[in-house]
Number of protein chains: 2
Amino acid sequence: MLNHQPTLDGVFRALADPTRRAMVDRLSRAPAAVSELAAPLSISLAAVMQHLQVLEQSGLVRSEKVGRTRTCRVDSAALGVAEKWIADRRALWERRLDRLGEVLAETASPRPAGRKKKKS
Amino acid sequence: MLNHQPTLDGVFRALADPTRRAMVDRLSRAPAAVSELAAPLSISLAAVMQHLQVLEQSGLVRSEKVGRTRTCRVDSAALGVAEKWIADRRALWERRLDRLGEVLAETASPRPAGRKKKKS
DNA sequence: CCAACACTTAAGTATCTACTTGACCGTCGC
DNA sequence: GCGACGGTCAAGTAGATACTTAAGTGTTGG
């Protein structure tokens with residue numbers, strides 16, 4: 001269970017479940033004990049623990065036990081890993097659309113049309 | 001198969017698989033046919049089709065068939081939905097840390113200790 | 001001390017997932 | 001026309017997932 005470095009596989013899989021997203025949402029507002037996390041969810045405490053384990057292994061959540069209560073908090077670094085992957089692919093795609101736009105604007109100019117929207 | 005409005009569940013689940021991420025990555029560089037998508041992957045074409053279906057239902061990818069080839073492209077809107085959810089939770093968490101920082105800075109002042117790193 | 005509390009572990013189960021193979025269908029090029 | 005191409009459909013399977021219940025373990029308050 002010392003497997004806390006975030007991987008894309010782990011983070012996305014963890015976020016794919018609505019219960020786990022609810023838990024992350026709750027924890028992104030403030031740290032909470034396991035039973036606090038479980039309170040609004042209509043599943044057994046054991047099930048919440050299993051979700052928590054998934055979240056911890058993905059690196060999205062860290063927790064520590066003091067006395068008999070375990071306090072959980074989000075680790076935003078893992079969120080960042082997922083966010084970055086998405087942003088990168090999106091940038092790639094949109095950059096490509098831009099280039100495509102340029103090419104279209106050029107190939108349209110053999111006969112320079114009147115309505116050309118050029119910025120530079 | 002007309003179920004193309006992106007949901008968090010669908011998008012995150014789709015991105016949780018490395019094969020599907022590879023497909024999205026490939027498509028974020030340029031549109032491609034199904035067999036082009038399949039070429040670098042060591043799985044059957046039928047399996048690629050099944051992944052493609054998941055990607056389409058999640059809204060991450062659109063495709064259209066012309067003649068006998070189906071051309072696939074990314075729809076960045078779905079990526080945006082996932083990106084936004086993550087960014088929102090992260091903002092929530094970091095905003096909270098800021099507030100916490102302020103409070104700590106304040107409650108630390110009753111007895112101004114020697115080694116205090118104060119900026120303002 | 002002891003009962004309530006806050007988990008923790010183990011085992012079992014129904015459903016889902018990521019594949020496979022093999023048959024099939026429409027389209028393109030010669 | 002007909003064979004190869006590009007894709008589609010259907011069925012089956014091994015392993016993962018999201019739970020459940022039931023029986024623990026260690027902690028705390030009275």
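Angles under 35 degrees count as roughly parallel, those over 145 as roughly antiparallel, 65 to 115 as roughly perpendicular, and the rest as oblique. Keep that handy for the helices below. This is a predicted model, in which local features need pLDDT of at least 70 and side-chain atom pairs count only at pLDDT 80 or more, while totals for chains, interfaces and linings use all residues. Residues are numbered from 1 along each chain as its sequence is written, and chains are lettered from A and ligands numbered from 1 in the order in which they are written.

Let's start inside chain A. Two packed helices are described by the angle between their axes and the distance between the axes. Helices here are DSSP runs of H or I with at least four residues, strands are E runs of at least two, and both are numbered from the N terminus. Axes are lines fitted to C-alpha atoms, for helices over the stretch in contact, and angles run from 0 to 180 degrees between N-to-C directions. In chain A, α1(A), residues 8-15, packs with α4(A) at about 150 degrees, and the axes are 8 Å apart. That is why α1(A) and α4(A) are roughly antiparallel to each other. Their crossing is left-handed (the near helix is turned anticlockwise from the far one by less than a right angle; clockwise would be right-handed). From α1(A) come A:G10, A:V11 and A:A14, and from α4(A) come A:V54, A:L55, A:Q57 and A:S58; being in contact takes C-beta atoms, placed from the backbone, within 7 Å. This contact has four nonpolar, three polar and no charged residues. Ala, Val, Leu, Ile, Met, Phe, Trp, Tyr, Cys and Pro count as nonpolar, Asp, Glu, Lys and Arg as charged, and the others, Gly among them, as polar.

Now hop over to chain B. There, α2(B) and α4(B) pack at about 70 degrees with axes 10 Å apart, so α2(B) and α4(B) are roughly perpendicular to each other. B:T19, B:R20, B:M23 and B:V24 of α2(B) meet B:H51, B:V54 and B:L55 of α4(B).

How do the two chains fit together? A rotation of 180 degrees, with 0.0 Å of shift along its axis, superposes chain B on chain A with an RMSD of 0.0 Å. The two copies are thus related as by a two-fold rotation axis. Superposing is done by least squares on the C-alpha atoms of residues with pLDDT of at least 70 in both copies. The contact takes 26 residues from chain B and 26 residues from chain A. On chain B's side, α5(B) gives the largest share, twelve residues. That side of chain B has 14 nonpolar, two polar and ten charged residues. Because 100% of the interface residues of chain B are also interface residues in chain A, the copies meet through the same surface.

Finally, the DNA. A residue is near a strand if its C-beta atom, placed from the backbone, lies within 6 Å of it. Around DNA strand C there are 20 residues, of which A:V34, A:S35, B:S44, B:A46 and B:G67 come nearest. The largest share of that surface, four residues, is from α4(B). DNA strand D has 21 residues around it, with A:S44, A:A46, A:A47, A:G67 and B:S35 nearest.
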